[in-house]
Every structure is written in C-alpha cells, then in structure tokens.
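Hi everyone, thanks for coming.

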Amino acid sequence: MAVITIIGTNYVGAVYAAAFADLGNQVYGVDIDERKVQLLSEGISPIYEPGLDELVTRNLKAGRLRFTTCYDEAVPVSEFVFICVGTPSSFSGEADMRAVRSAAEMIGKTIRGHTIIINKSTMPIGSGDLVTSIINQVKSPDATFAVVSNPEFLREGSAVQDVFNPSRIVLGAEDREAAERVAELYSALNAPVLITDRRTAEMIKYASNAILATRISFINEIAQICEQYQADVKVVAQGMGLDPRIGPLFLDAGIGFGGSCFPKDVKALSYMAQEAGCHPQLLHAVLEINQDQRRRFVHKLQTMVGDLHQRPIAIWGLSFKQDTDDIRESPAIDVVRMLIQRGAIPRCYDPAAMDNAREVVPEAEYFDDPYEAVRGTDALLVLTPWNEFKQADLGRVADLMRQPVLLDGRNLYDPADVRRLGFRYAGVGR
Ligand code: UDX
C-alpha cells in the first residue's frame with residue numbers, strides 16, 4: 001500500500017484517484033475547486049462517466065479515499081504525487097501550462113522527505129524539466145524528489161474500464177528507480193511496462209493521439225472519395241481492417257473527431273513542431289480534413305432539403321461521442337451552430353449533454369424526448385453514436401416528421417433498412 005496524492009480531480013484525476021484507492025492505496029484527491037471537492041466527498045462525480053460514482057463511493061466508504069482543497073493535508077504525507085490538471089489549447093495551439101506551473105509550485109512548497117512526482121496530464125515535450133525546475137526553486141532544502149512522466153490513455157465514457165485494463169504503462173524518467181517504483185503501483189493490472197527517458201514518454205502520448213486522429217481523417221477522406229464512386233466506406237474499412245498491419249479500430253468515418261484530447265493534442269504537437277523549425281504537413285491536413293468534414297455534412301443536408309431558412313431540423317446527439325456529456329470541440333455543436341447561421345431551427349436531443357449544450361448554444365431548441373425533437377421536422381441529423389439512437393424506432397420517427405430525410409453522421413444504420421421505411425437517407429461515404 002502506498003500513500004498517493006492526485007492533484008486535479010477532473011476526469012483523469014478523479015478516475016485515477018478512485019482507481020488507485022480501489023487497488024488498496026491511501027489516496028488524497030486535491031483540487032482548488034471547492035465545489036468539486038464537496039461533490040466528490042459525497043460520492044458524486046462532477047463529470048458524467050459511467051461507473052465512476054460507484055467507484056468513488058466504494059472507496060470513500062472504505063476510508064481509502066479523501067478529497068480536499070488543502071495541499072498541506074495531502075502532499076507532505078505522500079510518497080507519490082500525480083499531476084492531473086488540465087493543459088488546454090491556447091489561441092496559438094500551444095498547450096496552456098498555467099495550471100501545471102501552479103500545481104508544481106504548490107507541490108514544491110509542500111513536499112517532505114523523498115517524493116516521486118508524476119506528470120500524468122498530457123504535457124508538451126520538456127515539461128518534466130519545467131516541473132523539476134519549478135519545484136527546485138521553492139522546495140525546502142531537505143526535501144528530495146524525482147519527476148516521472150506517465151501519460152494516460154483513458155477514453156471518456158470508458159475511463160473506468162480503461163483504468164483497470166491499460167494497454168500499456170509508459171514511464172519516462174531520468175531516475176530509473178523512481179520509474180520502477182511507479183510501475184509497482186500498476187503491478188496488479190498486468191499491463192506491459194515501457195520505461196524510457198522523460199521526453200520520449202511525453203512524445204509517446206502525442207504521437208499516439210496524433211496517429212488515431214490521422215486514421216479518422218484518413219478514413220473521412222476515403223469516405224469522400226467513396227461517395228463520388230458509389231463505394232461503401234464502412235465495408236472498405238472492414239476490408240482494410242482484416243489486414244493485421246492495419247487493424248479494424250479507429251476507421252469509422254463520420255463527421256469527425258472532437259473531445260478534449262485529439263484536437264488539442266494534434267494542435268499542440270503541430271505547434272511544437274513548428275517552434276522547432278519542422279513542417280508538420282500531415283498534422284495540418286489531419287486538422288483541416290476534420291473541420292471540412294462538418295462543413296461537407298451541412299452542405300449535404302442543403303443539397304437534400306434545399307434552403308435551410310426557417311426549416312425545423314432534428315438533431316440527435318450533441319456530445320463529441322457516445323456515453324459522455326462532454327461537448328468540448330464536439331463536431332455536433334459545430335453543426336448546430338452552422339444550421340443556426342443558415343437560419344434553420346435546430347430541435348435537439350441528447351441523452352446526457354443537453355445542459356452543457358444549452359449553455360453554449362442557447363438559440364437552439366431542446367427536447368427531453370428524442371421523438372418530440374423530430375416532430376414536424378424536415379430532416380433528422382444523427383451526430384453522436386449513442387446506442388439509444390441505434391435502437392430507435394425509425395418507423396415512428398418517419399411518421400412524426402414533415403418529410404422523412406435522415407442524415408446519418410455516424411453511419412449507424414443500414415441504408416437499405418432505412419430506405420425501406422420511406423426515408424431519403426445519406427450516411428458518410430456510403
Ligand atoms: C482519446 C484517446 O482515445 C485516449 O487514449 C486519450 O487519452 C484521450 O483522447 P477520447 O477523446 O475520450 O479519447 O475519445 P475517443 O474514443 O478516442 O474518440 C475521439 C473522437 O474521435 C470522438 O469524437 C469520436 O467520435 C471520434 N472517432 C473515433 C471517429 O470519428 N472515428 C473513429 O473511428 C473513432
């Protein structure tokens with residue numbers, strides 16, 4: 001059993017705090033946001049993440065998990081301190097490191113004895129050195145420490161499952177013993193461990209997200225070509241995926257990727273490349289294709305139904321993907337905004353993300369029932385692959401609409417089945 005502090009209890013921090021506690025450690029979750037600490041202390045996760053409330057509650061009850069706003073209560077008694085604060089995109093694409101800097105400073109001021117500090121947030125290459133130098137400036141002379149980079153690869157919506165089933169544990173450190181100590185925290189999970197230097201570990205995170213984003217933009221470009229030549233991108237992806245060198249995952253064509261990671265990390269990597277005098281042509285193309293994908297989708301709607309002015313259009317799905325209420329960089333939100341710009345009346349439904357969407361797009365109409373949202377509309381746009389939409393009663397939907405037009409932005413339905421119900425149907429690349 002180890003004593004661990006997790007700084008930052010947003011999605012990554014909250015999941016790791018609860019998971020490390022579940023593995024038998026004594027864990028403190030520290031956050032400067034009192035509201036978050038209060039909620040988590042009651043077993044309520046401030047974010048929507050399936051299974052997280054139960055995991056938190058179980059470990060609060062077992063006395064292994066505590067949330068606090070006070071560094072002094074947690075850091076001095078901890079052998080491991082994880083930095084899990086946000087590194088959002090600034091205007092230039094560069095990662096905003098303000099939260100990391102202030103966390104490092106607070107850690108530096110409160111560490112006692114020997115402490116291993118772990119950078120878990122996605123941080124620009126060289127951040128391990130930055131954290132080291134900040135801590136060195138403020139720590140008490142008798143405190144010693146090592147900084148280890150240990151990037152996370154959790155997916156939103158399946159973070160609780162991912163945290164206990166990692167594909168690999170990547171550790172970057174100049175001090176190998178420190179990396180091995182951190183590896184022990186994960187030993188019960190039986191995942192392959194890769195120990196390298198800090199900068200290489202930091203790069204592994206960026207490169208991993210960048211190639212996944214690249215695959216999505218790649219298949220979206222193929223989808224565009226498929227449309228012109230009457231090929232079906234879904235079957236193309238299936239045929240490609242059978243080649244073990246290619247594999248089947250992350251080849252779903254659609255309206256593109258969003259979320260708090262891919263857009264931000266591809267931009268940050270591209271920024272770092274340019275700063276160093278490199279020309280990240282592929283990364284630029286990945287981002288450009290991803291933006292174009294949304295515009296092409298709205299254009300397709302216009303070719304199917306004509307001028308959008310004053311036209312009621314149903315929207316199913318607002319979050320950037322299924323099983324989350326997160327709308328950060330959501331392509332669906334962009335599509336809704338484009339519809340509003342063109343004078344349409346979006347009638348939206350999402351199983352989890354409507355409160356968040358209402359805040360950023362108050363002009364749209366929102367409905368608690370997916371079938372109410374489609375009533376009297378001229379088209380239904382399915383923008384997030386929630387299971388609820390896959391299982392929907394499309395016959396009922398067709399009856400409720402003014403004209404049955406279905407644009408399937410995530411290729412959820414079988415085109416022949418949908419057409420049989422009387423819909424005019426378009427997917428992406430089929
Ligand atoms: C991602 C990485 O998968 C994870 O390892 C990292 O730690 C954080 O970023 P996440 O953002 O939660 O996780 O979502 P992910 O499931 O990877 O999907 C990202 C976006 O790509 C979503 O908008 C999704 O709809 C889209 N996507 C995904 C596609 O359009 N096609 C695909 O084939 C896969």
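UniProt, in an unreviewed entry, places the feature "domain: UDP-glucose/GDP-mannose dehydrogenase C-terminal" at residues 314-415. UniProt positions follow the numbering used here, feature names are shortened, and annotations may be inferred rather than shown by experiment. The span 314-415 is 34% helix and 18% strand, and its end C-alpha atoms lie 19 Å apart. When I say helix or strand, I mean DSSP runs numbered from the N terminus: H or I with at least four residues for helices, E with at least two for strands.

Two notes before we go on. Residues are numbered from 1 along each chain as its sequence is written. This is a predicted model, where local features need pLDDT of at least 70 and side-chain atom pairs count only at pLDDT 80 or more, while totals for chains, interfaces and linings use all residues.

Now the domains. The chain is divided into domain 1 (3-196) and domain 2 (198-430), with bounds that come from an automatic or database domain assignment. Their C-alpha centres lie 32 Å apart. The contact between them takes 26 residues from domain 1 and 24 residues from domain 2; two residues are in contact if their C-beta atoms, placed from the backbone, lie within 7 Å. On the side of domain 1 that touches domain 2, helix H6 (127-138) and strand S7 (169-172) each supply at least two residues. Which element gives the most to that side? That is S7, with three residues. By type, this side of domain 1 divides into twelve nonpolar, eleven polar and three charged residues. Here Ala, Val, Leu, Ile, Met, Phe, Trp, Tyr, Cys and Pro count as nonpolar, Asp, Glu, Lys and Arg as charged, and the others, Gly among them, as polar.

Let's turn to the ligand. How many residues surround the ligand? There are 20, and the closest are Glu156, Asp252, Phe257, Gly259 and Cys261. A residue is near a molecule if its C-beta atom, placed from the backbone, lies within 6 Å of it. The shell around the ligand draws at least three residues from each of domain 1 and domain 2. Helix H9 (residues 198-228) gives the most to this shell, with three residues. The shell is made up of ten nonpolar, five polar and five charged residues.

One of those closest residues, Cys261, is where UniProt's unreviewed entry places the feature "active site". You'll find Cys261 in the loop between helix H10 (233-241) and H11. Is Cys261 buried or exposed? Cys261 counts as buried because it has 22 C-beta neighbours inside 10 Å. The rule is that a residue is buried with 20 or more other C-beta atoms within 10 Å of its own, exposed with 12 or fewer, and partly exposed in between, with C-beta atoms placed from the backbone.

Follow the chain into helix H11 (residues 262-275). Among the buried residues of H11 are Phe262, Val266, Leu269 and Met272. Their cover includes H9 and helix H12 (281-305). Just after H11, Gly277 takes a positive phi of about 85 degrees.

The unreviewed UniProt entry also gives the feature "binding site", at Asp31, Lys36, Thr87, Thr122, Glu156, Lys264 and Arg328. These span 298 residues in sequence and the farthest two C-alpha atoms are 23.8 Å apart, so they do not all gather at one spot. Take two of them. Lys264 sits in helix H11 and is buried, with 22 other C-beta atoms within 10 Å. Leaving aside neighbours within four places in sequence, Lys264 is in contact with Pro88 and Ser89. Arg328 is in the loop between strand S9 (312-316) and helix H13 (331-341), and is partly exposed, with 18 other C-beta atoms within 10 Å. With neighbours within four places in sequence left aside, Arg328 is in contact with Gly259, Ser260 and Phe320.

Arg198 is buried, with 25 other C-beta atoms within 10 Å. The C-alpha atoms of Arg198 and Asp129 are separated by 8.6 Å, although these residues are 69 residues apart along the chain.
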